[in-house]
Amino acid sequence: MKTMGILGGMACESTVTYYQVINDCVNRALGDHHSARCILYSVDFQDIIETHRSGDWDRAAEVLSGAGLALKNAGVDFLVLATNTMHIVAPQIQAATGLPLLHIADVTADRLLENGVHTVGLLGTKFTMEKDFYKEILIKRGITPLVPEQEARNEVHRIIDEELAFGNLKESSRAYYQEEIRKLKERGAEGVILGCTEIGLLIQQEHSVLPVFDTAQIHAEESVKYALKED
């Protein structure tokens, strides 16, 4: 089993999901008392939030590359960046560390295509919904991403930033997301990507009129497959 390095804490609420899913998957695969060989570097999320607010992505890359190098020095074989938004600097992290990085959009695209989904709604932070770093991976794989209108994107982001990052789950916010998912379906979406790792805390399959693709769950599951795959 390879040792995975988890770059977490963005936010800590979803990092808990990663740790639990990863260890559950390893145990199901190997049985007995097996668990994952992993090292978690949990950053101070405030440092990352400040780069969001200032748009200083170079600083974000510096912080996360430093964390990635610490994991490399600790002996990990590959990196799992436990957040969607910060994959905006995934190329810089990979270049700085020289380690394989299991990209969250790639494994999500794999799962979408396995399920025959070629037009998909994308919910996440405004950075994930509006910038190209995530959507262009889907498009290159033949998947058309649909995002909510501007006002709705702002509210989807606000709910993540002010509520979900703190584990604050409100029924009113769940209803808001459900309505946006319904609108995406009306526009032709065949599924919906929960493109922020905290959204899965609020929205599960029973809450959605579309098939749900929870990126935290998918990324964690695929990290285990990678860890257990023989070279």
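Tutor: Let's begin with a term we will need: a residue is buried at under 20% relative accessible area, exposed at over 50%, and partly exposed in between, using a 1.4 Å probe and protein chains only. This is a predicted model, where local features need pLDDT of at least 70 and side-chain atom pairs count only at pLDDT 80 or more, while totals for chains, interfaces and linings use all residues. Residues are numbered from 1 along each chain as its sequence is written, and side-chain values use heavy atoms, with hydrogens and water left out.

Side chains of opposite charge can pair when their charged atoms come close. For a salt bridge, a side-chain nitrogen of Lys or Arg must be within 4 Å of a carboxyl oxygen of Asp or Glu. The structure holds 15 salt bridges. We will visit a few of them, along with helices (DSSP runs of H or I, at least four residues) and strands (runs of E, at least two), both numbered from the N terminus.

Start in helix 8, where arginine 158 and glutamate 162 sit four residues apart, about one turn of the helix. Their salt bridge brings the closest N and O atoms to 3.0 Å. Arginine 158 is partly exposed, at 26% relative accessible area, and glutamate 162 is also partly exposed, at 47%.

Arginine 158 has another link too: its side chain makes a polar contact of 3.0 Å with the side chain of glutamate 163. Such a contact is a pair of N or O atoms within 3.5 Å; within protein, one must be able to donate a hydrogen and the other to accept it, and residues adjacent in sequence count only if both atoms are side-chain atoms. Glutamate 163 belongs to the loop between helix 8 (150-162) and helix 9 (171-186). What makes glutamate 163 count as buried? Its relative accessibility is 2%, so glutamate 163 falls in that class. With neighbours within four places in sequence left aside, its contacts (heavy atoms within 4.5 Å) include Asn168, Lys170 and Ser173.

Now visit helix 5 (residues 104-114), where glutamate 114 and arginine 111 are three residues apart, so about one helical turn separates them. In their salt bridge, the closest N and O atoms are 3.9 Å apart.

Glutamate 179 is partly exposed at 33%, and arginine 182 is partly exposed at 36%. Elsewhere, salt bridges that share partners join Arg111, Glu114, Glu221, Glu222 and Lys225 into one network.
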